[in-house]
Amino acid sequence: MNPIEIISAILISVGIFFLFAGTVGLIRLPDLYCRMHSTGKADTLGITISLTGIALYNLNDGVTLVSVLVSLKIMTIAVFWFIANPTATHAIARSAYESGIKPWTKEGTVEVDLDEQRAKEQK
Amino acid sequence: MDNFILTASIIVSLICILSLYRAVVGPTDVDRIISVGAIGTKTVVLLLLIGLIYKRLDMFIDIALCYAIINFIGTLIFAKYFMRKGVL
């Protein structure tokens, strides 16, 4: 177990822990928006860390140009997902709110009247 | 190290099954799309781990990249469809 393997093993396990944390949030949290909040953030972090672990492990058998390029390609997936996941979560949250799903509060869902709220914004 | 990657991929697939619960139970259909998106995120990691097991990582990277892009676009299109007015 040379050091690169140990470091990548640690990174992959930490990434999987964050993926697990996102799933726990997805199951336990009370409301749609809280679930979106947890999966959007925890999964992105989980993917970034585990992909860096995999990219690092790929450099294990000799750092040639090919393996560096392959690792960089893995990192492009991480960067793409870093940009794409928040955008998708935002689009979903906005469309859910626009179509009238009310956020959860302690005493149940709050009655937000969209039109009256927009009228206030216009003023 | 191979055993570690094998157990890691098994754990990731178990987490996928765990987040399938919300897809089945989820009261609103937006919950279902969120859990499917979460499963898609884990599948990207799972694909790369399988690529490591098969020692053919450079092939599996393209699969994982295409999967990530398609998952993202699918979520976007659902968001647009789900909204009555169709404006993102």
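Before you click anything, a salt bridge here is a side-chain nitrogen of Lys or Arg within 4 Å of a carboxyl oxygen of Asp or Glu. By that rule, the structure holds 4 salt bridges over all chains. Select Asp31(B) and Arg35(A) for one of them: the closest N and O atoms are 2.7 Å apart. Asp31(B) lies in helix H2 of chain B and Arg35(A) in helix H2 of chain A, so the pair joins two chains. Helices (H or I, at least four residues) are DSSP runs, numbered from the N terminus.

A word on ground rules. This is a predicted model, where local features need pLDDT of at least 70 and side-chain atom pairs count only at pLDDT 80 or more, while totals for chains, interfaces and linings use all residues. Residues are numbered from 1 along each chain as its sequence is written, chains are lettered from A and ligands numbered from 1 in the order in which they are written, and side-chain values use heavy atoms, with hydrogens and water left out.

**Stop one: the interface**

How much area do chain B and chain A bury between them? About 3800 Å², with 83% of it on carbon and sulfur atoms. Buried area is the accessible area (1.4 Å probe) that two parts lose on being put together, summed over both.

Across this interface the rule finds 3 salt bridges. It also gives 6 residue pairs in polar contact, both residues at pLDDT 80 or more. A polar contact is a pair of N or O atoms within 3.5 Å; within protein, one must be able to donate a hydrogen and the other to accept it, and residues adjacent in sequence count only if both atoms are side-chain atoms.

**Stop two: the largest pocket**

Select Asn58(A), Asp61(A), Leu52(B), Lys55(B) and Leu57(B), which lie nearest the pocket's centre among its 13 lining residues. On a 1 Å grid over the protein atoms alone, a pocket is an open set with protein on both sides within 12 Å along at least five of seven lines, a cavity is a set of points where a 1.4 Å probe fits but cannot get out, and lining residues have an atom within 4 Å of a point. The largest pocket's volume is about 260 Å³.

**Stop three: the cavity**

Finally, go to Asn85(A), Thr89(A), Ile34(B), Gly37(B) and Thr75(B), nearest the centre of the largest cavity, which 18 residues line. Which helix gives the most to this lining? H3(A), with 6 residues.

Note on methods:
Points joined across faces, edges and corners; volume = space filled by probe spheres on them.
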